Amino acid sequence: MGWAEIIHARPALPAALGAEVEPYPYLSGFGLVHRVTRLATPLPSQVTSTLGFRNRQVTDVLLATQRPTQARSTFLRRLHLQDTNMAAYWSPEQWSPVQTGDLFERRPRPLRQCPQCAAHGYHCALFQLPSITHCPWHRQPLEHTCPRCDAPYHARFDDKARLGVCTCGYDPFDPVVASVHMWDFPTDKAQAWLEDYSAWAQRRRVCRWICVPANCTEWDQGFAALAAPPTRLQRIDTGPPAAIEVFSGPGADPAPRHFWGWSCWGGERPLTLAPLPATMYPLLCEATKAVVEALPPESRTPFELVDANALEASATLRENVFLRPDCFIKPRDQSGSAMWLNLSTVDAHIAAFCGHLLDQATAHLGPSGSALASYSLQAARSAAMDQIRGRGHLAHALAKILTQAYIYGLHADLGAKLDASIPRAAWPILEMVGDSGRLRAARLNWIEQKSAAAPARVERRGERPASRPLLL
Ligand SMILES: [Zn+2]
Ligand SMILES: [Zn+2]
């Protein structure tokens, strides 16, 4: 469907100044509100309430227009554009090559715009994707902070009911360009590029989705790495390619019940003692040794750890760990393929993310829910995972994510006790690729956490597991 067809049902004469949509292919909801309110006569404040934005000082116009809200339908009706198909292109997901779930709706995000397009009041929801770094037709970097004062752009009206004006006064909108010169916009070039890109993104989106830890707000870089368009579509040198670890290829899937241990992750209660596949045990022992070997060789054994982990107080930490590399994970109670390990150093949010990944995999690729309705959550997850071909890719990705999270946690824990430097932790962002019961690949990218704040940690609780694993 081309732009002309999408806006076919528009009125012959625009209902308001700024509501001319022909020159502006795939104009976003924000762009339309921006143009109409900035070109409006009489008072912009009257216009915003007429258009349905009643609480205009708190309304994030991007959020309010990217999903079917009441404000959005009122606004479309007032402009007599309700019968066009424009609004279908107002959500960033419509432009994303991966399914994003609620990612773009979790919280308001800064507005990203091209200064040359912004002179027209033009904005496309595509610009909100962190994977798009430059305006495709002006080749200018997209900005999400003010070039004059560096404040983040936001999509709210200011106290004079204007959109797109920074508090410092910077305002890329030009009313003459946006009205008299609107046909100078590179309409054909923009439309051709957008339709080419959109066909690519739609093809990919069908069988790909991205998973981001729930409280991770700095996922832009991970999204940009995993959802980058091919060079054909973004011929701009943007530095070295991001490191993406791909789990794919042939290889036998793990035996049934491999995910049994993982399946109780991400529930309401954070886990201190958690069941895991026994294959995690050697990985975490190796990780422990690597962390301790990165510390100065003469590092003492922190006295707080001596009793809790039954270590030798007079020996160095390295000597203790050499003899007992499992001293921090305290393995116990192997039942079937699951082994209970102490994971109190693992960031609670990343632990929850591991459970979330299972839910994502089973929701997209698992059997329909009704067959497993009578099972407990853990049993249902485990049984559903067993029916997905290619689940080994997820098993490998989970092992990698957990090992890395354990390393970050142990570094932080030992570093704090020994006054050693603590490397920054990172967030895992995972893309899954699959269709009809088969996971074809998992692609993992890590983004460094910007804030130096200590990660949320699981409190050390009693050492006994609250409940034993139930058998199916
Ligand atoms: Zn532009
Ligand atoms: Zn500013």
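Q: Two strands pair if DSSP finds at least two bridges between them, where strands (E, at least two residues) and helices (H or I, at least four) are DSSP runs numbered from the N terminus. Which residue in β7 is the bridge partner of F247?

A: The model is predicted: local features need pLDDT of at least 70, side-chain atom pairs count only at pLDDT 80 or more, and totals for chains, interfaces and linings use all residues. Residues are numbered from 1 along each chain as its sequence is written, while chains are lettered from A and ligands numbered from 1 in the order in which they are written. Strand β2 (residues 245–248) runs antiparallel to strand β7 (residues 438–448), and four bridges join them. In β7, the partner of F247 is A442.

Q: How many helices and strands are there in the protein?

A: Of the protein's 472 residues, 41% count as buried, a residue being buried if 20 or more other C-beta atoms, placed from the backbone, lie within 10 Å of its own, exposed if 12 or fewer, and partly exposed in between. Two residues are in contact if their C-beta atoms, placed from the backbone, lie within 7 Å. Of the contacts with a separation of 6 or more, 72% are between residues 24 or more positions apart. The protein has 15 helices and seven strands.

Q: In what order do the four strands of the open sheet stand?

A: β6 (residues 426–435) runs antiparallel to β7, and ten bridges join the two. The pairing in this open sheet is antiparallel, and the order of the four strands is β1-β6-β7-β2.

Q: Which strands are the edge strands of that sheet?

A: The sheet has the order β1-β6-β7-β2. Its twist averages 20° from one strand to the next. The strands that pair on one side only are β1 (208–211) and β2.

Q: Which residue takes a positive phi in the hairpin of β6 and β7?

A: Across the two strands, L430 stands opposite L444 in β7. The hairpin has two residues between its strands, and a positive phi near 25° belongs to S436.

Q: Which helix packs on the sheet?

A: The sheet consists of four strands in the order β1-β6-β7-β2. The helix that packs there touches β1, β6 and β7, and its direction makes about 10° with that of β6; this helix is α13.

Q: Is α13 roughly parallel or roughly antiparallel to α15?

A: Two packed helices are described by the angle between their axes and the distance between the axes. Axes are lines fitted to C-alpha atoms, for helices over the stretch in contact, and angles run from 0 to 180 degrees between N-to-C directions; angles under 35 degrees count as roughly parallel, over 145 as roughly antiparallel, 65 to 115 as roughly perpendicular and the rest as oblique. α13 and α15 pack at an angle of about 170°, with their axes 10 Å apart. Therefore α13, whose I350, C354, L357 and A361 meet L394, L398, I401, L402 and A405 of α15, is to that helix roughly antiparallel.

Q: What is the relation of α13 to α14 in terms of direction?

A: L358, A361 and T362 in α13 meet R381, A384 and M385 in α14. Helix α13 (residues 348–365) and helix α14 (residues 377–386) have axes 10 Å apart and an angle of about 55°. The relation is therefore oblique.

Q: How far apart are the end C-alpha atoms of helix α15?

A: The expected span of a helix is 1.5 Å times one less than its number of residues. Helix α15 (residues 391–418) has 28 residues, so it should span 40 Å. Just after α15, D419 takes a positive phi of about 55°.

Q: Is A161 buried or partly exposed?

A: A161 lies in the loop between α6 (115–119) and α7 (175–179). Its phi is near 65°, a positive value in a residue other than glycine. Because 19 C-beta neighbours lie inside 10 Å, A161 counts as partly exposed.

Q: Is T167 buried or exposed?

A: T167 is found in the loop between α6 and α7. The C-alpha atoms of T167 and A151, 16 residues apart along the chain, are separated by 8.4 Å. With 11 C-beta neighbours inside 10 Å, T167 counts as exposed.
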